[in-house]
Amino acid sequence: MGRLTTMRPTILLVGLGDLGGVVLDRLAGEEGFGRIVVASRNSTRGIARCNLARLSALAEGHSIPICFTPLDINDRKAVVRTVRREAPQIILLTATMQTWWLPDLLPPEQAARIKSAGFGVWLPVHMTLTMKFMEALQEMAYGGIILTAPFPDVVNCVMGRLGLAPTCGLGNVEEIVSKVRLLASERLEEPLESVHVILVAHHALQPAAFGEAFKEVPPHFLRVEVDGRDVTEQIRAEELLLAPYPVPPGRAIHSLTAGCTMSLVRALLSQDRKELHVPGPGGLPGGYPVLVSREGVEIAPIEGIGLEEAVAINERSHRFDGIERIEDDGTVVFCPEAVQILRTELGYDCRVLRPQEAEERALELIARFREYAGSYGVDLQLSGGAGHVF
């Protein structure tokens, strides 16, 4: 999907949770957009948040039209009306049914148990709204660029199996690349602009790359070059990939994701192609190097492996997020051990997720997790991350 047809595009930002708010602030301080339209369910909060972004940008010397429009993604006709009326060239979708960092609010022992199931068990929570939104865009034959934030390494893959693939996802693999590139520059004492990193990797690699304990490293492909020369072995690039690099937990990481988002959006405004990394391009599993310009997003050639092998690497990585496989019809089969953990901890039993059952499963999972958290004295309603984050 999509190429830019105007020099100063309209951006539609759908979702104003933690990540959406950070992305809005970054967009508001950027040059080159015609306007920014923000869509969310809560009008009072949305208008106030847009006002804040507008004033903050003005204080830094930027002025760009920012407007708010109420939108409930559950209302397909409203989605179609909104997109037709605003005519955005780029859509940024950050909406999800529950923010991803809530398990961190549990006592440490319980948090560790839940997280040991892998991130994939939360798939229905992150997939439901993306699927509804993509179905609405398909109905109206939207031809612009669609960038999605909720768990794109897997969600976009399921969408691809359903013929609903967005252009690509945001963050994840590019966040790892930024770390490796920085450490390689320091180790080699070379300027950052000379260091080039090529990485094929799944979301499942990210915890290991940022210092969490791991029993087995998810499969991936890594190559580091300096001015076109392969230095992967010379600098022991695998060590850099897995080197401790503490970052704040939880929502603080959204500033890094927003930074990756801005690099992608800037590249989409350019006539010249820039190599970046994105998750879920065109419905593929995991993350890849891509070439980005006003013409859109395409997979970059990967020296050393072909695209088929790269896809296979990321398909093998699914299990590290608790997913056994994704069927051709978009049905997701979870790993037995991940299923057992949620069955034991939450009383939630889901071995197979069919796309048409995603919303029902998401609502059940949210309710059971909320009850579980409450039994340990954690009120998710007070956390600001429970409920529909859009």
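The average pLDDT, which is the predictor's confidence in each residue on a scale from 0 to 100, is 94 for this chain, and 97% of the residues score at least 70. This is a predicted model, in which local features need pLDDT of at least 70 and side-chain atom pairs count only at pLDDT 80 or more, while totals for chains, interfaces and linings use all residues. Residues are numbered from 1 along each chain as its sequence is written, and side-chain values use heavy atoms, with hydrogens and water left out. Over residues 386-390 the pLDDT stays under 50. For that stretch the model has 32 contacts (heavy atoms within 4.5 Å) beyond four places in sequence.

Now the sheet. Helices (H or I, at least four residues) and strands (E, at least two) are DSSP runs, numbered from the N terminus. Two strands pair if DSSP finds at least two bridges between them. Here three strands form an open, antiparallel sheet in the order 7-8-9. Strand 7 (195-200) and strand 9 (229-230) are at the edges with a single partner strand each, so one side of each has no neighbour in the sheet. Strand 8, residues 221-226, pairs with strand 9 over two bridges. Glutamate 225 has aspartate 230 of strand 9 as its bridge partner.

Last, the loop between strand 4 (90-93) and helix 4 (108-115), where alanine 95 is found. Is alanine 95 buried or exposed? Alanine 95 counts as buried because its relative accessibility is 0%; buried means under 20% relative accessible area, exposed over 50%, and partly exposed in between, with a 1.4 Å probe and protein chains only.
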